[in-house]
Amino acid sequence: MSQAEAVPPPRGLAAGQEGDNPLLLLERIQGLYSDPASLVRLGGRICEVTSTGYQVRGMSAGSRLGDVVEHRSRGMTRRGEIVRVTTDGVTVSPFERSADAGVGDPVFNTGPFILSPDNAWRGRSIDALGRGIDSGPPLIGGVPTGALGDGGVPPALSRERVGTGFSTGVKVIDIFTPICFGQRLGVFAGSGVGKSTLLAMLAAAEAFDTVVVALIGERGREVREFLEDTIGSAMAKTVAVVATSDENPMMRKRAPETAMRVAEHFRDQGHRVLVILDSITRYAHALREVATAAGEAPVARGYPASVFTELPKLLERAGPGAAGSGSITAIISVLVDGDDHNDPVADCVRGILDGHIVLDRTIAEQGRYPPVNPLASISRLAPKAWTDDQRLLVTRLKAMISRFEDTRDIRLLGAYQPGADAELDAAVRQVPVIYDALGQSPRDKPSVDAFGDLARHLKARERANVPQTA
């Protein structure tokens with residue numbers, strides 16, 4: 001049997017609203033009591049508890065997927081989200097690490113979760129529910145814009161077109177896979193290859209007004225290092241959303257959704273926003289845990305079908321905004337399980353994004369950083385960022401690198417004879433120099449002119465190899 005909880009009348013108003021004006025205060029109170037539904041919150045009681053959540057009987061009527069509930073036990077109030085609704089009851093996945101749920105505890109439905117970002121959030125670190133986790137003052141809430149999962153995707157034909165490139169400061173990317181404002185680019189790699197390091201270098205790009213970083217399932221000890229050492233001075237324009245690996249899957253699921261909502265807030269104000277999600281694979285893992293706990297059947301390597309529905313819903317929120325607004329440029333890291341670039345999550349995400357950067361473990365083992373494979377990486381919007389001369393140059397560079405890599409085994413066996421193939425001779429002579437020119441670490445100064453730096457490096461090597469004459 002459901003139960004109802006009386007909602008007390010308001011004791012005060014938020015700063016900047018009606019204040020001490022008694023007439024406005026009276027109008028608000030009258031408006032509250034004019035709707036009887038606003039005076040009660042329907043609820044039920046816990047009837048079953050599992051390691052991943054609990055079931056509540058008596059509140060199915062009126063409950064919706066995504067509604068937030070309050071669970072009261074042992075003098076504490078904790079929150080969770082409804083992930084399944086049946087005639088027998090609802091299934092709740094808690095936000096906290098320990099729900100402390102017991103059979104018979106009361107649970108009340110509080111409706112959809114509303115996130116209200118504000119410009120003052122820049123420079124702050126928050127959790128997946130929009131609560132400050134740093135040592136700063138309490139966060140200021142902005143104007144509510146709807147439930148967190150509603151999304152802010154402009155209609156397809158009202159979006160601005162993508163056509164303006166920018167410099168990331170990372171030479172190998174600016175040359176082979178340039179990025180445009182409003183583009184969605186994936187960084188694909190196995191564990192320990194250097195995804196987070198490359199993302200940190202990209203986060204330092206000066207072309208953006210606001211940066212939103214979502215650390216999903218990261219190690220807790222790395223959060224401060226990333227924000228203080230890697231982001232550094234750019235933290236003043238950055239909003240960090242953190243959900244570490246030990247948090248409940250519901251928090252890891254909400255973290256990228258919160259990051260997108262924050263980015264949409266700044267986009268609607270005309271900002272050029274950079275969103276970095278590290279990583280989308282851990283988001284998919286959280287979706288899988290929540291969906292499995294709700295009773296969904298797996299369809300692909302343990303992933304339920306809803307995972308492949310939620311991925312495009314999240315990623316489509318990035319991109320150019322409507323006319324007159326800003327844009328959201330998204331750089332998404334994809335943790336490739338077992339170095340298999342065709343695993344279900346990587347394959348699904350690759351089809352949604354506007355390009356992909358592949359980090360190669362073999363290149364990393366050779367000591368070349370960032371370990372980007374220029375032959376396997378592609379930016380679908382590169383023609384909008386290149387000039388005609390740059391496009392021709394990159395085409396020739398890729399052909400030369402391909403020839404060099406394809407003949408690596410032959411050269412190791414000693415079957416290569418200089419002078420027999422002029423194109424191969426040029427590749428053998430120049431590709432190692434190109435690799436050396438593309439090397440870059442987070443401590444190096446960002447490149448302002450990647451093509452110019454490459455040309456100067458090649459000319460310097462050529463002059464060094466020319467024998468001096470008397």
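In which kind of crossing does α13 pass α14, left-handed or right-handed? The crossing is right-handed, a term for the near helix being turned clockwise from the far one by less than a right angle.

This is a predicted model, where local features need pLDDT of at least 70, side-chain atom pairs count only at pLDDT 80 or more, and totals for chains, interfaces and linings use all residues. Residues are numbered from 1 along each chain as its sequence is written, and side-chain values use heavy atoms, without hydrogens and water.

Start with α14, residues 450-465. Helices here are DSSP runs of H or I, at least four residues long, numbered from the N terminus. Helix α14 has 16 residues and reaches 23 Å from first C-alpha to last. That is close to the 22 Å expected at 1.5 Å a residue, counting one less than the number of residues.

Its buried residues (under 20% relative accessible area, 1.4 Å probe, protein chains only) are A450, F451, G452 and L454. Their cover includes α2, α11 and α13.

Now return to α13. It packs against α14 at about 130 degrees, with the axes 10 Å apart. Axes are lines fitted to C-alpha atoms over the stretch in contact, and angles run from 0 to 180 degrees between N-to-C directions. In contact (heavy atoms within 4.5 Å) are V433, I434, D436 and A437 of α13 with L454, H457, L458 and R461 of α14.

Notes. Helix = DSSP H or I, 4+ residues; strand = E, 2+ residues; numbered from the N terminus. Buried < 20%, exposed > 50% of the residue type's maximum accessible area, 1.4 Å probe, protein only.
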